[in-house]
Amino acid sequence: QRMASSLRRNLPGTKRAALFAWNGKPEGKSSGPEEFKHSGQYSVQEHIQALIRADPKNVEKICSCPDSVHPDEWLYEHLRQFMVELNVLIVQLSPNCDSTTFPKMTAGDACEFLSACDGEPKMVSAIDYCCHNLDFYIASLNRNKNFPRPHHGALPKKASKEMKEATKRLYRVMAHAYYHHKDFFMNFEEKTHLYRRLAALNKGYQLTRFTPPIQL
């Protein structure tokens, strides 16, 4: 397992064209669709990333839970991957979204959102809302108490509640980008299909209501 894991890493000095150029199969294993489960602690996350790299447009395949993976683990790893990519969206959005241009977190004319990451709900700028909530849920979904690693079964009820709450609040980041930076959002979505993946998971797991809706 140690050798297999080392084969799926971007080593120092790797050229950009060769990044992530491993085949995703543990050494000595067959190429069956479930073999990734034997390849280490982060194998499910790496499998999801491999599916995305292979064809980001194939949302159905990317989001379909394999038989060998518990649905809770599959959702959890997808949300972790979603936050990795959402961070890229926020960073790219930040030059055109600051406390002057968007002093409140809004999504369209009818929706304003308060940030409760520090306890008391309060109005903050859009970019602060995005950063605060992303940081908060990265920390939340990596707490061993509710999300032990490795885990290959059902998660505690509190963990399921946190995943639903994370989906609701982080969806708002995408909604803000859609309603106020639409050209940027559409270009990003065309490359990543990140919203479509989140929507597919939300539909399959019935996590939350997307407010306001994004219509593609």
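A cavity is a set of grid points where a 1.4 Å probe fits but cannot get out, and its lining residues have an atom within 4 Å of a point. With that in mind, here is a friendly walk through this predicted model.

## The overall picture

Let us begin with the chain as a whole. There are 8 helices and 0 strands, and the elements run α-α-α-α-α-α-α-α from the N terminus on. Of the 216 residues in the chain, 44% are buried. The chain exposes about 12,000 Å², and carbon and sulfur atoms supply 51% of that area. Among the contacts with a separation of 6 or more, 64% are between residues 24 or more positions apart.

## The cavity and its lining

Rolling a probe the size of a water molecule over the atoms shows where empty space is left. How many cavities of 30 Å³ or more does the structure hold? The structure holds 1, and about 50 Å³ of space lies in the largest cavity. The lining is made of His-78, Phe-82, Leu-194, Arg-197, Leu-198 and Leu-201. Helices H4 and H8 each supply at least two residues of this lining, and the largest share, 4 residues, comes from H8.

His-78 sits in helix H4 and counts as buried because its relative accessibility is 3%, under the 20% cut-off. Leaving aside neighbours within four places in sequence, His-78 is in contact with Ile-48, Ile-62, Cys-63 and Leu-201.

Phe-82 is another of the lining residues.

In soluble globular proteins, nonpolar side chains tend to be buried together. The largest nonpolar core here has 46 residues, and those with the most contacts inside it are Phe-82, Leu-86, Leu-141 and Met-174. Which helices each supply at least two residues of this core? They are helix H3 (59-63), helix H4 (71-93), helix H5 (126-140), H6, helix H7 (182-192) and H8. H6 gives the most, with 10 residues.

A second, separate core has 7 residues, including Ile-48, Leu-51, Val-69 and Trp-74. Ile-48 is also one of the residues in contact with His-78.

Gln-81 is found in helix H4, where it touches Ile-48, Gln-49, Ile-52 and Arg-197, not counting residues up to four places away in sequence. Is Gln-81 buried or exposed? Gln-81 counts as buried because its relative accessibility is 7%, under the 20% cut-off.

Asn-133 has its place in helix H5. At 1% relative accessibility, Asn-133 counts as buried. Leaving aside neighbours within four places in sequence, Asn-133 is in contact with Ser-115, Cys-117, Arg-169 and Leu-170.

## Aromatic pairs

A pair of aromatic rings is described by the distance of the centres and the angle of the planes.

| Pair | Arrangement | Centre to centre | Angle between planes |
|---|---|---|---|
| Tyr-171 and Tyr-195 | tilted | 6.4 Å | 45 degrees |
| Tyr-178 and Tyr-179 | edge-to-face | 5.0 Å | 85 degrees |

The pair of Tyr-171 and Tyr-195 links distant parts of the chain: Tyr-171 belongs to helix H6 (residues 157-180) and Tyr-195 to helix H8 (residues 194-205), 24 residues apart. Tyr-171 is buried, with a relative accessible area of 1%, and Tyr-195 is buried as well, at 9%. Ring pairs also bring in Phe-210, so that Tyr-171, Tyr-195 and Phe-210 are linked into a cluster.

For the other pair, Tyr-178 is buried, with a relative accessible area of 8%, whereas Tyr-179 counts as partly exposed at 33%.

How values were computed: Residues are numbered from 1 along each chain as its sequence is written. This is a predicted model: local features need pLDDT of at least 70, side-chain atom pairs count only at pLDDT 80 or more; totals for chains, interfaces and linings use all residues. Side-chain values use heavy atoms; hydrogens and water are left out. Rings of Phe, Tyr and Trp (its six-membered ring) pair if their centres lie within 6.5 Å; planes under 30 degrees apart count as stacked, over 60 as edge-to-face and the rest as tilted. Buried means under 20% relative accessible area, exposed over 50%, partly exposed in between (1.4 Å probe, protein chains only). Contact means heavy atoms within 4.5 Å. Accessible areas come from the Shrake-Rupley method with a 1.4 Å probe; for residues, only the protein chains shown count as cover. A nonpolar core is a set of buried Ala, Val, Leu, Ile, Met, Phe, Trp, Tyr and Cys residues joined through side-chain atoms within 4.5 Å. On a 1 Å grid over the protein atoms alone, a cavity is a set of points where a 1.4 Å probe fits but cannot get out, and a pocket is an open set with protein on both sides within 12 Å along at least five of seven lines; lining residues have an atom within 4 Å of a point. Grid points are joined across faces, edges and corners, and a volume is the space filled by probe spheres set on the points.
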